[in-house]
Amino acid sequence: MKILGIESSCDETGIAIYDEQSGLIADALYSQIELHKEYGGVVPELASRDHIRKTLPMIQQLMSESQLSPTDLSGIAYTAGPGLVGALMVGASIAKSLALAWDLPTVGVHHMEGHLLAPMLSADKPSYPFIALLVSGGHTQLLSCERYGVYEILGESVDDAAGEAFDKVAKMLGLDYPGGPEVARLAESGTPNAYRFPRPMTDRPGFNFSFSGLKTFTKTTIASIDNPSDQDKANIALAFETAVVDTIRIKCKRAIEHTGFKSLVIAGGVSANTSLRTSLEDLASNMNIKVYFPELQLCTDNGAMIAYAGLQRLKHGHTEDWAISVRPRWPMTELENAQ
Ligand code: KG4
Ligand code: ZN
């Protein structure tokens, strides 16, 4: 069973073909970073226009490179939400038009379920039940995953997502968009403990996060220094990154203790962060559990995770009708139980 996956929820056009037997057989990614860079963030209208330029040529190229014809496919998966409405509409429209022409079913995938299942594309994959930490530009959520399709939200950010906080702090430090990797790079030359930033909401019980106060603390710290040097900025980047990583670590530890689960899955763009990966690997070894991350190129948005998640949905009997509808806001709790 082979399925074509289309990701277009934000600023990456991701196309992939996943085969149930042999795994990922083709994968292409086009990032719009250069397009949005001069605006310091994603411009939704430009994102839609670029997805519409890139999607079909990329699909055509993947199909011909992998020597597949439409009859080799069992379905087409696309990101149905959450994300930018126009960008989602491009993926949904192209998926449904191709499916109508090729006589295939379509499956609308929840973008965060795509991230959640991305570690399943690795050779060493987690088995249920596990705790999942989803950390992206739009979400920070801790989930208890009993089995496929049964996800309970233990906690989430009450304001900014972790990736969003990284992006905003990057702007404050005069770094380029997308800010997460830039802050992480600058933090590498920071002096440990030059500053100590707060670990928000760790002194309260529960699993929720809040990164807005930490962002303001960072802003105030920058403003308190006259003409900050490159070293000052690196010290601030490191203090911020350490505070985010420690906060996430504390909440993950709590979730593991609470559920007694032996596996922790980390996914979403921020899971590419080396300090976070190192800290959670250390936590896992201290707690005698296992931690799983997607392969680095599958941490941020990609078509492979949508193809894989779509295949699971298709196998559980989920297909869409021919109306083109997307869900820009779509809480994971409203995800139809696949069991
Ligand atoms: O999952 P993703 O590609 O898109 C969303 O679904 O939001 O995540 C993008 C987010 C951005 O906020 C980006 O700054 C952050 O992930 N990110 C990172 C790193 N790489 C990407 N944050 C911290 N460290 C990184 N190495
Ligand atoms: Zn994403």
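This briefing walks through a zinc site, some strands, a helix and a few aromatic contacts. The model is predicted, so local features need pLDDT of at least 70 and side-chain atom pairs count only at pLDDT 80 or more, while totals for chains, interfaces and linings use all residues. Residues are numbered from 1 along each chain as its sequence is written, chains are lettered from A and ligands numbered from 1 in the order in which they are written, and side-chain values use heavy atoms, with hydrogens and water left out.

**Zinc site**

- The zinc ion (ligand 2) has His111 (NE2), His115 (NE2) and Asp301 (OD) as its protein donors, lying 2.0 to 2.1 Å from it. Donors here are N, O and S atoms within 2.8 Å of the metal (3.2 Å for Na, K and Ca), and as water is not among the atoms, sites may look incomplete.
- Along the chain, the donors of this zinc ion are spaced as H-x3-H-x185-D.
- His111 sits in helix H4 (residues 111-117) and Asp301 in the loop between strand S10 (290-292) and helix H10 (303-315), so the pair ties together parts that are 190 residues apart in sequence. Helices (H or I, at least four residues) and strands (E, at least two) are DSSP runs, numbered from the N terminus.
- His111 is buried at 6% relative accessibility, and Asp301 is buried too, at 12%. The cut-offs: buried is under 20% relative accessible area, exposed is over 50%, and partly exposed is in between (1.4 Å probe, protein chains only).

- In strand S2 (residues 12-19), 8 of the 8 residues are buried, so the rest of the structure largely encloses the strand.
- Both faces are covered: one side has Glu12, Gly14, Ala16 and Tyr18, the other Thr13, Ile15, Ile17 and Asp19.
- Strand S1 (residues 2-7) runs antiparallel to S2, joined by 6 bridges; strands pair if DSSP finds at least two bridges between them. Ile6 stands opposite Ile15 in S2, and a hairpin links S1 to S2 through 4 residues.
- S2 also pairs with strand S3 (residues 23-31), again in the antiparallel sense, over 8 bridges. Here Tyr18 stands opposite Leu24 in S3, and the hairpin from S2 to S3 goes through 3 residues.
- Gln21 is found in the loop between S2 and S3 and is exposed, with a relative accessible area of 65%.

**Helix H6**

- The buried residues of helix H6 (residues 179-187) are Gly179, Gly180, Val183, Ala184, Leu186 and Ala187. Down the H6 axis they fall within an arc of 165°, so they line one face of the helix; that arc is taken from the directions from the helix axis to the C-beta atoms.
- Their cover includes helix H5 (162-172) and helix H8 (230-259), where contact means heavy atoms within 4.5 Å.

**Aromatic rings**

- The whole structure holds 6 aromatic pairs. Rings of Phe, Tyr and Trp (its six-membered ring) pair if their centres lie within 6.5 Å, with planes under 30 degrees apart counted as stacked, over 60 as edge-to-face and the rest as tilted.
- One of these pairs is Tyr128 with Phe130, stacked at 4.8 Å centre to centre and 20° between the planes. Tyr128 is partly exposed at 28% relative accessible area, whereas Phe130 is buried at 0%.
- Tyr195, Phe197 and Phe217 make up one aromatic cluster.
- Lys54 lies over the face of Tyr30, 4.2 Å from the ring centre; the test is NZ of Lys or CZ of Arg within 6 Å of the ring centre and within 35 degrees of the ring normal.
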